[in-house]
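Look at the model below and follow it with the text. The paragraphs start with single pairs of side chains and then move on to whole chains.

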Amino acid sequence: MHCRDATAQLELYLDHAFSGPQADELRRHWGECEPCRRDLERVAQWRALLATLPVPEPSADFSERILATATQQRAPRRWSSPMVGAAVAASLVLGTGLGVWLPQQDGSPAAPTEYQAGTEALRTVRLVFDARRQLENVELTLELPSHVELAAFPGRQSVSWHVDLKPGQNVLALPLRVLSEGEGELIARLNDGEKRKVFRAMIQETLHGGHGSRARSS
Amino acid sequence: MLFRFSQKKRFETLVRPHLQRLYQFAYHLSGNQADAEDLVQDVMIKLFPQTDKLEAIEQLGPWLKRVLYHQFIDSSRYRSRQPDVGLALVHSGDTDALDFLDSLCSQEDGPEAKTERARLQAVMQQVLLSLPPDQRVLLILAYVEEWSQEDISGFMDIPVGTIKSRLHRCRSDLQRRVKKKLEPFAPCDRLQVRG
């Protein structure tokens, strides 16, 4: 076997692409040819280094946190949304002391959690949509103003997921964490792949626990 | 409520065995732990509503990696952070590019070899992260994940023949860059001793 052929087949050999006589012939050549054997060792070492590139362990609660965050978006409330293409009937309700139902880790129903104004700076915003018919796999995107964030998605100003919409009223309760005093628009976008609907609501927070909202849609 | 419990449990049962490997793949793509965890989280958030679809997938592991890879590509922070670097022309069969490994090949597996290995791997990781995402994922799948070229072809939707040639170029490019990074001085920086 010529050295050129052995070199050309080196990577395939290490990919275990050869067996039997082909592999034997290569091994025979490397046993007899010092430079080619050196090449084989270099490439094998290179590949071993790549295959064992170190990866730091993820954070201690990685799996549980990821799964909890992913599954919490399916809140135990029926979703409603403006029927895409139809008239939108939507309202935004903002209040203190509202109950928020969140699923427990084991899936059992949870008692409502009361969030009081001025303590954890958490507000529950409820988006209420009327749907005339059922829609499946509609993409819902929430864009938050900079002074609030979703309690379940810290650090994110935009969250998207797919929902199935049932006929009638659907309430989406959003526990929001207030980051600072301010005013800004919450935007909810619905997209079923063909048509889109946008719902906007102004969310206002003041230092003295005052707050308010105004809703409109387009 | 029963339906929601069932979906949550089904989803967790499906994806939990793959989370660690997904994180490792995400780490190789992104280069840091926080971004890797975020990537996995983003994928899981996206997929939970599609639990029914996940149950129908035969080989969920590779499929999840594909979703994660596309999530990574779509993430604008990576597009803006990584400059496009063209593939350099390299000679085929240029195994001299790996001559820096000679010392490692000749060493026993002692503390010095381990230290040297760690140093080399740090440089390799650094260079890998400097490559464009499509080159990076090709090398990661082939040499870190050790996928077959047929599987990579399916993952990237590229013919096997194209995978072979790209892999060859990317591999040589990575080796050349690593070797260059290991050189202590550029030629023009070397001292000239004049008598």
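Helix H1 (residues 2–15) of chain B contains both Glu12(B) and Lys8(B), which sit 4 residues apart, about one turn of the helix. In this predicted model, the two form a salt bridge, with their closest N and O atoms 3.1 Å apart. Is Glu12(B) buried or exposed? With a relative accessible area of 9%, Glu12(B) is buried, because buried means under 20%. Lys8(B) is buried as well, with a relative accessible area of 10%.

A second pair within one helix is found in helix H11 of chain B, where Asp173(B) and Arg176(B) lie 3 residues apart, again about one turn of the helix. Their side chains meet in a salt bridge, at 2.9 Å from N to O. Asp173(B) has 1% relative accessibility and so counts as buried. Arg176(B), with a relative accessible area of 33%, is partly exposed.

Other salt bridges join the two chains. Which residue of chain A forms a salt bridge with Arg171(B)? The partner is Glu11(A), and the closest N and O atoms are 3.1 Å apart.

The interface itself takes 45 residues from chain A and 49 residues from chain B. About 4,400 Å² is buried between the chains, and carbon and sulfur atoms give 66% of that area. Arg42(A), Trp46(A) and Leu67(A) supply 17% of the area that chain A buries against chain B, more than any other three residues.

Nonpolar residues can be followed in the same way. In soluble globular proteins, nonpolar side chains tend to be buried together. The largest nonpolar core here has 96 residues, and Val40(B) and Met44(B) touch the most other members. Helix H9 (residues 133–144) of chain B gives the most to this core, with 8 residues. Val40(B) has contacts in both chains: among them are Phe62(A) and Ile66(A) from chain A, and Leu19(B), Leu22(B) and Leu68(B) from chain B.

Now consider each chain as a whole. Chain B has 11 helices and 0 strands, and 46% of its 195 residues are buried. Chain A comes to 5 helices and 11 strands, and 44% of its 218 residues count as buried. For chain A the accessible surface is about 10,800 Å², of which 48% belongs to carbon and sulfur atoms.

The last point is confidence. Chain A has a mean pLDDT of 70, and 68% of its residues reach 70 or more. Where in chain A is confidence highest? Helix H3 (residues 21–32) of chain A has the highest mean, at 93, while strand S2 (residues 99–100) of chain A has the lowest, at 28. The pLDDT stays under 50 over residues 74–120 of chain A, and it is below 50 over residues 207–218 of chain A too. Where pLDDT is low, the predicted coordinates should not be read in detail.

Terms used: Residues numbered from 1 in each chain as written. Chains lettered and ligands numbered in written order. Predicted model: local features only at pLDDT ≥ 70, side-chain atom pairs only at ≥ 80, totals over all residues. Heavy atoms only, no water. Helix = DSSP H or I, 4+ residues; strand = E, 2+ residues; numbered from the N terminus. Buried < 20%, exposed > 50% of the residue type's maximum accessible area, 1.4 Å probe, protein only. Core = buried A, V, L, I, M, F, W, Y, C linked by side-chain atoms within 4.5 Å. Contact = heavy atoms within 4.5 Å. pLDDT = per-residue confidence, 0-100. Buried area = accessible area lost by both parts, 1.4 Å probe. Salt bridge = Lys/Arg side-chain N within 4 Å of Asp/Glu carboxyl O. Areas by Shrake-Rupley, 256 points an atom, 1.4 Å probe, with all protein chains shown as cover. Lists of a residue's contacts leave out its neighbours within four places in sequence.
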